[in-house]
Amino acid sequence: MEIISKRLLLATLCSLSLLTGCASTYEDGLSALQEGEPAKAQEIWLALAEEGDVDAMYGIYDLASSRYNRVSESDIEWLKKAADAGMAKAQYQYGLITFNDKHFAKGHQYIKQAAAQGQPEAAKFIERYKPTIKTFLLAEKGNRIAEYNLGVYYDNGIEGLDKDNKEAASWYLKAANQNHPSAQNNLGIMYENGIGVKQSNSEAFKWYQKAAKQGAASGQFNLADMYESGRGVKRDYVQAKSLYEQAAVQGLAGAQNQLGNLYRDGKGVKKDGKKALEWHIKAANQNLAVGQYNVGLSYYFGYAGTVDKKAAAHWFKEAALQGYASAQGNLGILYSNGEGVELNYQQAVKWLTKAADQGNRNAQYALGNRYYNGEGVDKSFSTAAKWYGKAAKQGDADAQFKYANSFAFGKGNTKSERTALTWYKKAAEQGHTTSQYNLGVMYNNGEGATKDYDAAFNWYSKAAKSDHASAQNNLGLLYKKGQGVKKNYAWAAYWFAKSAKQGNKLAKSNINDALAKLNKLKTNAPTVNILSATSASSDVVKKLSKGTYVYSLGSNDTWTEVLDINNYALGYIKSDQLVKNVPVKPKKTARVSNDPYPAKPRAKSGFVTCNTKCTNGNCYRTYSDGRKVHFQAQQKWNAFTSQFEWDSGGC
């Protein structure tokens with residue numbers, strides 16, 4: 001304080017011109033700096049530093065770092081001289097620079113000197129690095145364990161160090177180059193995920209392989225995973241199985257689980273549900289949630305030969321308690337269905353909500369069903385639609401269908417045929433049969449889109465091939481009318497028959513018009529088989545006796561595709577077992593009226609009654625008072641059959 005006071009006094013006297021021959025001082029440099037002349041301050045301090053002024057030495061460094069944000073080697077050299085002269089803040093700054101340049105011993109020594117003088121930042125540094133300083137000092141000497149440990153500290157932001165991915169990768173690389181297996185594995189992880197380094201599957205593979213060759217279970221597991229998925233290397237399930245097994249016998253739970261998956265799915269090894277369960281149980285007993293989940297799946301589906309829903313529920317719950325979303329969702333579904341546990345919708349909603357909140361789409365869909373039906377919660381179409389929407393946006397076809405319904409019928413969302421069509425289409429493109437049928441109806445009727453028979457034909461065809469009875473009937477109508485496809489009565493009869501065989505009443509009525517346009521044939525052998533394909537060795541669909549009438553759907557010299565109207569049997573008969581061109585003899589019936597209207601019903605006192613006759617929505621109605629009305633029925637959604645149906649309304 002005495003020295004500083006003298007300097008301030010001299011500076012004051014010189015500034016007041018009370019002394020002559022005054023030399024520049026450190027304070028002159030400060031004044032120049034305050035007056036916006038940093039170059040003059042630097043000039044003054046350089047001159048003073050050459051004469052040994054410690055404050056000027058530090059000032060040169062401080063000016064470069066704080067004002068110019070550009071520090072040269074010369075600036076740092078002046079900082080070192082100030083530190084060596086005993087200035088505490090210079091010791092701390094120089095020590096910090098040196099430490100960050102990875103000269104840990106030297107840097108730490110300077111900071112210790114500053115801390116001993118009470119410099120606060122230095123004291124904090126010493127306290128912060130107390131747990132790790134020995135590790136830094138060993139790492140500086142090339143100790144691979146210390147290098148690896150520093151990588152772990154920076155990787156996880158522990159032991160007082162901030163998380164720093166680049167530093168972590170740098171230290172892992174140093175240790176990995178000295179063949180530290182865990183460092184090699186961790187470096188592989190960083191390359192695979194692009195953490196602290198540029199992403200590179202080939203580099204990841206290289207380092208995993210080095211770790212695996214040293215017997216590191218984690219390296220074997222990660223290398224196996226790359227072989228299984230084909231990342232950075234050609235997919236090879238056999239190699240994956242070998243590596244998983246090496247890690248599994250060392251007790252690595254993740255490897256035990258993955259090895260179980262390979263046995264369950266028959267990848268790289270013969271499918272074996274029992275071995276799969278053995279490995280999954282080993283992983284589950286180590287409290288690995290996904291292992292517990294897989295044990296639950298095994299018991300639920302009986303992969304090991306035994307179905308045990310109670311055991312499945314137990315293992316799903318073990319995994320669910322650890323927050324494993326898929327297990328939570330499955331447990332919720334078991335509670336919904338009363339499988340392996342007592343049916344409990346409240347418990348179902350609890351677990352489904354936990355899984356749904358984690359983004360599990362199956363749980364989101366199931367939770368939507370609970371809200372839609374009011375099971376375990378108050379019924380709410382809007383909440384149901386919300387969860388259907390979340391699952392739908394993740395690609396769940398069933399959810400997309402239900403979400404489309406919410407727009408089609410205005411249950412939970414504002415009614416919008418266009419939006420409904422959009423979501424039906426997303427589900428239909430994934431093969432959802434009822435959505436395919438609904439799209440056909442919408443294009444057929446021009447609902448949500450311009451009427452388009454070609455599109456209707458396309459979607460009816462897809463649903464019909466999946467045995468959707470109403471789609472088969474409607475497809476038959478398109479063939480019959482030549483809408484969206486060339487008129488073809490044989491194909492019309494074929495699809496009407498497929499639909500009628502499933503009990504569709506409209507198809508049973510519609511088929512007669514198509515049959516009237518086809519050739520009726522008669523079997524001419526004692527026993528004739530309708531076969532499933534044009535091969536004598538194919539399955540027998542039905543046995544026919546001689547003289548049985550069938551309808552021809554098409555033929556060549558060898559085979560004829562036929563329809564037996566008695567039970568709508570479809571298949572093939574050898575052409576030489578049929579008599580062709582048999583005329584269709586009309587049944588002897590009473591004179592048939594061409595009047596499409598049904599008979600007038602008997603009148604009831606005080607009521608108006610009616611008889612209605614509809615064919616594919618084309619309706620004729622006769623009232624008891626003699627009125628006759630021709631109208632088009634509406635297609636309405638039947639929630640029980642999950643499809644559109646004709647509704648002619650009441651009298």
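**Close-up views of a predicted model**

View 1. Strand β9, residues 618-623, is mostly covered, with five of its six residues buried. The model shown here is predicted. The partner of β9 is strand β10, residues 628-632. The two run antiparallel and are joined by five bridges. Within this pairing, T622 stands opposite K628 of β10. Four residues lie between β9 and β10 in the hairpin. One of the turn residues, G626, has a positive phi of about 100 degrees.

**View 2. Strand β5 and its two antiparallel partners.** Strand β5 covers residues 559-564. Five of its six residues are buried, so the strand counts as mostly covered; buried here means under 20% relative accessible area. On one pairing, β5 meets strand β4, residues 549-555, in the antiparallel sense over four bridges. S555 has T560 of β5 as its bridge partner. Three residues separate β4 and β5 in their hairpin. The other pairing joins β5 to strand β6, residues 569-574. These strands also run antiparallel, with six bridges between them. L563 stands opposite L570 of β6. In a regular strand, side chains alternate between the two faces of the sheet.

View 3. Most residues other than glycine have a negative phi.

**View 4. K102 in the loop between α6 and α7.** Helix α6 spans 88-100 and helix α7 spans 104-116; K102 is found in the loop between them. The phi of K102 is near 70 degrees, a positive value in a residue other than glycine. Is K102 buried or partly exposed? K102 is partly exposed, because its relative accessible area of 27% falls between the 20% and 50% cut-offs.

**View 5. N179 in the loop between α11 and α12.** N179 has its place between helix α11 (165-176) and helix α12 (181-193), in the loop. This residue, which is not glycine, has a positive phi near 65 degrees. N179 is partly exposed, with a relative accessible area of 44%.

**View 6. K210 on helix α13.** K210 is found in α13, a helix of residues 201-213. The side is partly open: K210 has a relative accessible area of 36% and is classed as partly exposed. How far from K210 is R361? In sequence, 151 residues separate K210 and R361. In space, their C-alpha atoms are 39 Å apart.

**View 7. The whole chain, for context.** The chain holds 30 helices and twelve strands. Its radius of gyration is 42 Å, well over the 26 Å that the globule rule gives for 651 residues, so the chain is more spread out than a compact globule. The C-alpha trace spans about 145 × 60 × 50 Å along its principal axes. Of the 651 residues, 44% are buried. Among contacts between residues at least 6 apart in sequence, 43% join residues at least 24 apart. The accessible surface comes to about 33800 Å², and carbon and sulfur atoms account for 47% of that area. The chain carries 83 positive and 59 negative charges, whose mean positions lie 19 Å apart.

Note on methods: Residues numbered from 1 in each chain as written. Predicted model: local features only at pLDDT ≥ 70, side-chain atom pairs only at ≥ 80, totals over all residues. Heavy atoms only, no water. Rg over C-alpha atoms; globule rule 2.2 N^0.38 Å. Buried < 20%, exposed > 50% of the residue type's maximum accessible area, 1.4 Å probe, protein only. Contact = heavy atoms within 4.5 Å. Areas by Shrake-Rupley, 256 points an atom, 1.4 Å probe, with all protein chains shown as cover. Lys, Arg positive; Asp, Glu negative; His and termini not counted. Charge placed at Lys NZ, Arg CZ, Asp CG, Glu CD. Pairing = 2+ DSSP bridges.
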